[in-house]
Amino acid sequence: MSRRKGEMTRAQINRGWPHQIAFPSRILSFRERGHEVRRFCENLSLCPRGQNLFWEDQSWAVYCFADPEHARLFMEKFGGEPFNPEHRGRGNQWFEWKRPEVPVCNLYNVTSNQEAIRSFVKATRDLFGNLESSINIYPDQMAPIVRNNDGEREMVRVRWGLPSSQKALLEAATKRADKLRAKGKTVNFDELLKMEPDGGVTNVRNTASRHWSRWLGSENRCVVPVTRFAEPDPASKVEGGRVPNAWFARTPEQPLMFFAGIWVPQWECVRKVKEGLITTDLFAFLTTEPNAIVAPIHQKAMPVLLTEMEEVEVWLTAPWETARHLQRPLPADQLVLLPPQPEASSSLPQAPVEEPKLL
């Protein structure tokens, strides 16, 4: 695309206006709210630059500032999230947001009993088997969920990690194919793509993405029982040791609550190379902005939590336009940071699985 005479290059904007704030265009587009942005900036004598980018098939507007204080004031007024120019793609992928993966709740615990779960969710079919009195759940493991299925409210165990996007798998398979061709090997790309390992997506944030929006109907929503969940706490790491987990619960007594999740039936994929091609049900749960309890540990996100029977009912039955309002942080007075857990219970050996992807 040619540049108009006198127009700044992308590199010049990033050097001169490196403090950048990104918004989904549907929330703060240049066209729809440009006058509001201009008025705000004129009042403070600001001169931001504007750019666009894409992440998960969604357009984002980016406002760029020379002064970090101006960026802070702008974000206080309009919201959004900080954008690092170094996370843009290169070359013809310049408009893509190469968002780094941030681990969000890849370990949680269920310490409850089947009758408590059954009563809370009003389940009509129990396929849990003998539920352990306390279990730590890691990505790609079978975990208890409650879903609508065949006209029943069903308690069942499902594998944790939804399918990655076709784009992500295509990029991974293309890189693998290029390496094989560089070694002089013949590549059947269709077969390579079909057998591309997909470790799964454990958390879903961007429900506007086309990849996720097809599974937001009540028939694909589920709730996931949880009594406490963990977030990595690098600030508490002891030199030479592992990164410890910070554990969160509703109260110190750790009563039952639920993640708001979605599930997919009978998905064909390769989760592990040694397993080969399988067909299985999959689930993950939604994340949102962190509340004041989680944010000091994890600044980017926290799981969407449901603590009341009415919330569970809405999530499992209401139209998406109603249910989507439950994708919000739990109020800070309804969550506590638990005291440090003994190593044996708070950091069990990591399950030997491929690092999951987060979207």
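Biologist: How many helices and strands does the secondary structure of the protein come to?
Modeller: This is a predicted model. Its secondary structure holds both element types, and the count is 10 helices and 18 strands.

Biologist: What share of the residues is buried?
Modeller: Buried means under 20% relative accessible area. The protein has 359 residues, and the buried share is 47%.

Biologist: What percentage of the contacts with a separation of 6 or more is between residues 24 or more positions apart?
Modeller: Start with the contacts that have a separation of 6 or more. Within that set, residues 24 or more positions apart account for 72%.

Biologist: What part of the accessible surface belongs to carbon and sulfur atoms?
Modeller: The accessible surface comes to about 18,300 Å². Of this, the carbon and sulfur part is 52%.

Biologist: Which residue meets Asp 281 in a salt bridge?
Modeller: The structure holds 18 salt bridges. In one of them, the N to O distance is 2.9 Å and the partner of Asp 281 is Arg 147.

Biologist: How many residues apart are Asp 281 and Arg 147?
Modeller: Asp 281 lies in strand E15 (residues 277-288), and Arg 147 in strand E8 (residues 142-149). The pair links distant parts of the chain, and the separation is 134 residues.

Biologist: Is Asp 281 buried or exposed, and what about Arg 147?
Modeller: The cut-off for buried is under 20% relative accessible area. Asp 281 has 15%, so Asp 281 is buried. Arg 147 has 5%, so Arg 147 too is buried.

Biologist: Which residues are linked with Arg 147 and Asp 281 in a network of salt bridges?
Modeller: The salt bridge between Asp 281 and Arg 147 belongs to this network.

Biologist: In the salt bridge of Glu 275 with Arg 159, which residue is buried?
Modeller: The closest N and O atoms of this pair are 3.0 Å apart. Glu 275 is in the loop between strand E14 (257-270) and E15, and Arg 159 is in strand E9 (residues 152-160). Glu 275 has 36% relative accessibility, so Glu 275 is partly exposed. At 8%, the buried residue is Arg 159.

Notes. Residues are numbered from 1 along each chain as its sequence is written. This is a predicted model: local features need pLDDT of at least 70, side-chain atom pairs count only at pLDDT 80 or more; totals for chains, interfaces and linings use all residues. Side-chain values use heavy atoms; hydrogens and water are left out. Helices (H or I, at least four residues) and strands (E, at least two) are DSSP runs, numbered from the N terminus. Buried means under 20% relative accessible area, exposed over 50%, partly exposed in between (1.4 Å probe, protein chains only). Contact means heavy atoms within 4.5 Å. Accessible areas come from the Shrake-Rupley method with a 1.4 Å probe; for residues, only the protein chains shown count as cover. A salt bridge is a side-chain nitrogen of Lys or Arg within 4 Å of a carboxyl oxygen of Asp or Glu.
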